[in-house]
Structures are given as structure tokens and as C-alpha cells.
Amino acid sequence: MKTINFAIDLGTTNSLIAKYDDGNIKIYNNPLGLKQTLPSCIAFRGNRTVIGDKALDYLEKDAENICMLFKRKMGTQDTYYVPSIEKEMSPIELSSLILKELKNFVNDEETMNSVVITIPASFDTIQSNATKKAGYMAGFKEVVLLQEPIAACLAFANTSNVEVTDKQNWIVYDFGGGTFDVALVEVNDRELRVTDNLGDNYLGGADFDNLIVEKLIVPFIEEKLSLINLWKDLKSKTTDFKGLYFELLKIAEEAKKELSHYEETEIELDIDINDENFYETFIIKREQFEDLISPKVEQTIIFIQDVIKNNQLLNSQIARVVLIGGSTYVPLIKKRISEAIEVEVNSSIDPTSAVVLGAAYYAGSKPATVTEVERVSDIVEEDTINFKLFYEQNTRDLEELITGKINAKEVRSFRIMRKDGGYDSGVKALDDGDFSEFVPLLEGRLNQFKIQLLNSALDVLKTLDSVAINQGSYNVQGQPLPNDICMEIDDLDASTTRLEKVFAKGSILPLKKKIYKTASKTILQQSKSNLIINIIEGNARGLPSSGLSIGYIEISGKDLEEDLIKGTDIEIELEVTESRDLKINVFLQACDQEFKNVFSESERAISIHKINMEINTVLGDVEALIKTNNSEENFEYSQQLETIRVGLIETQIATSLINDDDVSDAKFQLDDKKRKLIQRFDDLTRNKLIAKEIEEYNDSKESVEYQLNEEGNERFQEKYTRIIKNEREVINSGNKYLIRSKIKELDELYYSIIKSSDENFITYFYNLKFCTDFSDQRRADKLFKEGDKALEKKDYKSLRHIVYGLSALLPDQEKEKQKNFKDDSRTGLS
Amino acid sequence: MTEIINQVFALDLKMKKQNNDSANRYLERIYHEFEAMGFQIVNPIGQTYRNEMTDVEANILGDLNRKSKITKVLKPVIYQIENNETRLLQKGIVIVE
């Protein structure tokens, strides 16, 4: 059996849509806002129709073309004359537009044929039928109505598991932003029925905000600035206090929210009055606020009492009061109701979405009588729409033109929305079958758009989903970078230095970026230790010494005004101008010192010391590799390595013969030679290294997977999935540091799985028995004995501690390795 | 998180209003960290306001026309970038004249 599932709260000021899905309710968000609510407001701007939040923009300027609060007119013959389109709009037509817009919130693939729509308890048959008609006009084939107080009771009953066996009376107290309603609902074991209701269409939470401004904020400002009549002036159309009223209302709204949670709140005024800045703060206590709104709250209490009295009931016959509507967050309301009626007051459900929530529960239980049969004809219609779109795919501008030519008579209007929610053209009429629209772009992002084509009744006939404009990434006039530009930084884990990409190959000049690093070593004033900023042009995946150094700064202890302490921040600003000048600006936070340098390619800065250091590092690696390859009888490969080794030694000897202040181009030649040799070494070894890393990655992955299959480890699955999510990307990157960091993540997960159960330490214990290099063998022997005993007794908790003890006796290889990472081969950046 | 960003933004405005740029470096650094965490913060001050901009809540003074500009930003626009998808996290609150 298929149920209706979809529910709409078609409200006077705000509307919502929700879906029942297998016991859960999903309330849809407006794709163009962040809220679940859609203001029930429509603006007609000639050939453009705007629905929801943005329609409110025109409230002041163009009130006659704005339609709102039309729910109050449902079922009457009143219509709204809209001058801009020279048309009478009935409340039914207007409501159907709101319903269509709500349908837009739902992205699900299924069609919505049936829906539950809520109506106030006060609606008569004609008003109810009008609502149904609006539903059909919006394209629904089946509309089921549900009274709002019933929906609220359902929401409450379904979320709090109350058991009702006998007949009970509940009160639903609905205090919204602009309206107030109270309903008496009869509840028995299986049925809910509204027996009576009362309300005031002009009483709401917005009144509270106005009171705070009028009675608290304005008098405060008047007193401080010796002003009079400020409240009147604020609201006047020809005011000198432009915008101040809105600003103060916002402050008041915030204060109201704060006072719902705290005993007092501080009002901070930082405003401009008569061209002068006015800055003051003052405290509002909850008491003051409550005194202020108390008369309004009392008005609502009288409504409750009346509804009870009118039905010949006593307060004691009311089982509970359910609160809904945004204004019921105010604690005074709950307090006053329980004092006045002396019954349980429930505020456990979210007051803004309670109605749609309850309606969705109802929709989930109500069988749909309409099945999907007309889908086929829809598709045929869709395919007959021919269109062409024109737009720039890449741009540096912050605005681009999208032009469309539509070849289908039934398409009358279009609508463009930016998928991130930042732009909506509203529904606009086509101009002779075409449209042209400037759309704003978000800087530096891929801006994706959705374009809807609609018929004259504003039904969506086709949605174009593939329009994307890339802002800032490409420009034909600009000059692209031929290579990555990187910075050399320390890789403490691998005890070496590596490259970090700053600007990617192909980026368009000019480029500028700030990088934040921390000092990886302490440099004392006057010491010889130094900090190295080495900017390299070359492949970011390669060894630092294989790239071309295009900017090099050494900051030594002599240059410092204060000690540079390990761990403090270093700010490096890099700029490559259109003419390829490199500007480096280094700021040491700990010393509050700035170093500026400009390099241009024609005056390369090279340090002999640095060349030597780099050769030394690579030479060690080359020699070690030759040794292993010789022992594996890989002679051809080691011969190639040998050539590199000889070349490096020759270069080193040559550098030792010139001084750092040598003015000839000798050192540039040597640097070039060094780079070529290292690049060759890099090429020879990179693939091997990466293959090795990938192999290790797969090993680590396998171990984790094995553990995940064990019972009780399912909870680690989610983390594992997260780690391997971008696996393909990482492996294909060919970047060993990236792969290494993934291995590290996997290993960490492996250890946390192991550590989650004491029994996992058994294997560990056995493995440790094969180790021979304990720092204290006698102590190890003793621990092994204790371990065997623990195993016998199946005391795995003790075994775990013994394993920890044994591990501590093994040499720490990482630490040893880092000790060998000599200070003078480090950049000092990590 | 949006609350933290709003407070930093307010602090930034306040410092600028007092022509105090001594803390610019630190504010920039904070913005950089926000960006690294996937937040794109937009201050639309001075932009021409169009009703189509659904990323701001505008309080409009007088008549809305083609020349209407955003003259005051009470809260910035915040976008969040996750898995290379951008979505609006907070609408800016602005005054348009």
C-alpha cells in the first residue's frame, strides 16, 4: 500500500514541507535559504515573479504589487489586483504559487501526486475547499486536509510516546510571529477531534520586538542624547535615522532570544545618529522584559480561559497544554499558563515545525488513492523542448551572462538558481523565446547553476542541471605558470626536507598567497643556526634539490632581535608578479620582525653552502641504493646510479673551490649541474619508491580490513570508510608524502582497533618473543615469565600491561632516525 | 562556528572604524584559518544590491532601484565548502540604501 507521505503546513506568514519516510520525518530546507520556512509572500515585478524571503524586499517600495497574508482571505471573493501584471489574483491562485514553490524544495526523484495540507481549526467548508483547489492547481492529484491543532497533537503524541486510554481534553496554544490561536482538542485512544477554537489574527511575537525598541532602547538613547520623539521619527518614512529602526529591531530580536535562556542580556549599541557615532551598553533583565510583554501574554491567557469556559469545562479537566509557534520560546508564557490553568504545559516539540511534523506523520499513515500513471506523457513532453545555452565557462569577472534560446511554445518563463543558494533570478518571462541574465559568481569557486523552464501556469517543464562557471581560474590574457612553485619545508617524520606546493602549474599570474608555518627548531640570538626560506620552481612531487631555486633567504641568529622559539608562528607571504618577480615577505611572530626580499629571475640567489648540503644528503641515498642493488645483483641499475654518484662528487669538489661571494657565473653552472643530476636520480627512483609506498599502503589496508571482520569491531567501519574515501586520488597523485600520510592514518586506526580489546595483545606478546634487541634483557625475561603466567590465567588485562612494558624496552627507531636529521640540513620550517 | 566568525567580523569592523590597524595581521590570520577550515566569508559592503541575491537578508531604506547599494553589513555572508561543494551557511544581514 502506498501512503501519501508528503505534508505541507500552508501558513499565514510561513509555510513548510515535510515527508514521512519509514518512521522518520524529513522537513525540507529551502534550497535558496537556510531555513525550513518559506515566507508566504509573493512579489509581482512585471515580467518577474518572486516568491518567499526575497519578495519581502519590495514591501516598502512596491507594496501594491506584493501579496501576503492571503490565507486570511481564503474562501472569500476578495481578489488582489496586481498593477504590475494588470491582473486580479485570487487567494487560491496565490496559495497555489506557494505550494508550487514548496514542491521545489523536494529533490527526490518520485513525483508528488498526493499531499496533506494543514488548515486552521477555524476554516469553514468553503475555506477548506478553497485550500483543496489551490492544491489541485499546484499540480497535486489528491489533497487531504488536516487541522493544524490536530497536527500539533500528533507531533506531540508521536514524539513523546504518551498513552491515552480514556477521553482527554488538550489545549493547543499556537503563538506565532504574527498570529495567535488556541484550540481545544478531544483525544481518546484512537481519535483526535477539535471541539473549539479562538484566536487573534493581529497578535504575535513581532509585537515583543517592537516593545523592546519602543520602551527600553529608544528611551535609553533619548536620555543619553537629549532627543525627543525618537520612536516616532524612527518609523517615519521621511526619517533622518535611516535604517536605524531595522538595526534596533534586530538588536531587540537577539535580546529577546537571549532572555529566553538567560536572566539578563547586554544591549550593545554602536550606531550612527545625526552623523555621530553613539556607543553605549546597558543591561536588560528578564524581569523588565516580562513586565513589558505581560499585558500581551495575559491577553492570550484570557483566550484559553474563554475556550475552557465556553465548553463548560473546568481547568482540572484539561490534561495538558501543547505549545507551538515561535513565540512560545519565551519562558514567561509557559510559566503563566501553568499558573493560570494549573496543568502540565508541554514545550517539548519544536514550535515552528510541529504542525508540518504532525501532518507528515498523518500523511505516512494515510493511503494514497492516486497512483503514478501519467509519467509517460510527461516524458514525451519534456523531450520536445529544444534549447540552446550560451555562457562563458571560465571567467575572472564576478558576473557572467547566461543566454538561452528556447524552441518550444509551451515554455513561457525561466528561473536560474545558483546551487550553493546564493542567487535566484525568480521566475521571469521569456522574451520572444529567449532569455539573457547576468548571474553573480562566488569568487574562486566552480559556480553551478540550475535552470528551470516553466509554462504559463508556472509548472516546471524541464530542469537544466549542467551549467557551471569557473570563477578566477583561467583567463586567456593572463600568463600561466610553467611549473609548480613550491617551498622547501622539513619533513620531521622522514627526517628530510620536502616540497610543499604554493602555486600550481598553470595558475595565472599574478599570484599572491600567505602561508603560515611554525618554527621546527629554536634559533637563539647570535647563534649560527638559521632559518631557510627556499622557493623552488619545479615538480612539487620531486626532491627539493631537483628543482630550480628562485628565491632563497637565510635568516640566522645574528639577524634576530629576539630568540626564535620552536613552535612559534612564521608568516610567509609569497607574490609572483606578472613580470615574474618573486617577492617574499617573512614575518616572525615571536620576534615581531619582518624580512622583505624581491627576486627577479635574472638575479638568482644561490648559496654554495646550500648546494653542498643538498649534494651530501642525496649522495648518502645514492650510495645506500648502490649497495642494495649490488647485493641484489642489479648491476645495470647500480651502474646508472654510479654515474650520478660520480657526477655529484665532481660537482661537490668544484663547489669547494669557489667562494660564496664569487661573482662569476660558476656557481650557477654548478647549481644547474647539481639539479640535473638530482632530477635524474629522482626519475630513476621515484616510481620504485612510490610502488613501495603503495605496497605498504595495501598491506596496512589489509591488516585493518582483517581486524574489521572480527566480531565487535564494526564500529570502526565508519572511520575506515572515511580514510579510504579518496584512496584513488591519493594513489594516483604519485605523491609519496600523501600516500605516507594515508598509511599513517590506517596504522593509527589499526592500533586503536587492537587497543580496544585486551585479547588482541596475545599475538603481540608472542611476536615480541622473537625480538632480541631489548635494552634490558633481564627485565624482559622477567616480563615474559609474568606474561606466560597471565596467559595461563587468561588474565589479558595484565598481559596488555606486560606488552606495553616490553615494548618500552625496545629501541625507538623513529627517535633514532630523527636524531640523525642534522640541524644544518633543516629549513627550520614545518 | 558561524557565531565565532560573526564575532571576529564584528571585531574587525570595530577596529577598522577606529582606524586601528595594529591587529590586522592577526585578524587576517584568523580569516585564513577559517578559510582552511572550508569557510568562505564574503563582506558585500559597497556592492550594488540586487533582489536576486539570495545570500543576504536586506533591510531596504527608501526605494529599491538599480543604484541601491549595500551600505552596512551587520553579519557577513558565510559559505561552507565540503567535498568541493559550496553551500550557503549563513545569509548576510545588510542595510541597503
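This is a predicted model: local features need pLDDT of at least 70, side-chain atom pairs count only at pLDDT 80 or more; totals for chains, interfaces and linings use all residues.

Colleague: How does chain B look, in helices, strands and burial?

Modeller: Chain B has two helices and six strands, in the order α-α-β-β-β-β-β-β from the N terminus. Buried residues make up 33% of its 97 residues. For contacts in chain B with a separation of 6 or more, 59% come from residues 24 or more positions apart.

Colleague: What makes Asn5(A) buried or exposed?

Modeller: The cut-off for buried is 20 or more other C-beta atoms within 10 Å. Asn5(A) has 23 such neighbours, so it counts as buried. You'll find Asn5(A) in the segment before strand 1 (6–10) of chain A. Its phi is near 70°, a positive value in a residue other than glycine.

Colleague: Is Asn229(A) buried or exposed, and how do you know?

Modeller: Exposed means 12 or fewer neighbours. Asn229(A) has 10 other C-beta atoms within 10 Å, so it is exposed.

Colleague: What about Ile302(A), buried or exposed?

Modeller: Ile302(A) has 12 C-beta neighbours inside 10 Å; the limit is 12 or fewer, so Ile302(A) counts as exposed. Ile302(A) lies in helix 7 (residues 286–310) of chain A. Its C-alpha atom is 9.4 Å from that of Ala340(A), 38 residues apart along the chain.

Colleague: Which residues touch the most other members of the largest nonpolar core?

Modeller: Ala7(A) and Cys153(A), out of 125 residues in that core. Helix 9 (residues 354–365) of chain A gives the largest share of this core, nine residues. At least three residues come from each of domain 1 (6–151 + 358–365) and domain 2 (375–471) of chain A. Leaving aside neighbours within four places in sequence, the contacts of Ala7(A) include Ala18(A), Val115(A), Val356(A) and Tyr362(A). There is also a second, separate core of 26 residues, with Ile555(A) and Leu588(A) among them.

Colleague: Why is helix 14 of chain A called roughly antiparallel to helix 16 of chain A?

Modeller: Helix 14 (residues 717–724) and helix 16 (residues 736–755) of chain A pack at an angle of about 175°, with their axes 10 Å apart. Angles over 145 degrees count as roughly antiparallel, so this pair gets that label. Lys719(A), Tyr720(A) and Ile723(A) in helix 14 meet Lys742(A), Glu745(A), Leu746(A) and Leu749(A) in helix 16. By class, the residues of this contact are four nonpolar, no polar and three charged.

Colleague: How many residues does each chain bring to the contact between chain B and chain A?

Modeller: Chain B brings 24 residues and chain A brings 26. On the side of chain B that touches chain A, strand 5 of chain B gives the largest share, four residues. That side has ten nonpolar, six polar and eight charged residues.

How values were computed
Residues are numbered from 1 along each chain as its sequence is written. Chains are lettered from A and ligands numbered from 1 in the order in which they are written. A nonpolar core is a set of buried Ala, Val, Leu, Ile, Met, Phe, Trp, Tyr and Cys residues joined through C-beta atoms within 7 Å. Domain bounds come from an automatic or database domain assignment. Two residues are in contact if their C-beta atoms, placed from the backbone, lie within 7 Å. Axes are lines fitted to C-alpha atoms, for helices over the stretch in contact, and angles run from 0 to 180 degrees between N-to-C directions. Angles under 35 degrees count as roughly parallel, over 145 as roughly antiparallel, 65 to 115 as roughly perpendicular and the rest as oblique. Ala, Val, Leu, Ile, Met, Phe, Trp, Tyr, Cys and Pro count as nonpolar, Asp, Glu, Lys and Arg as charged, and the others, Gly among them, as polar.
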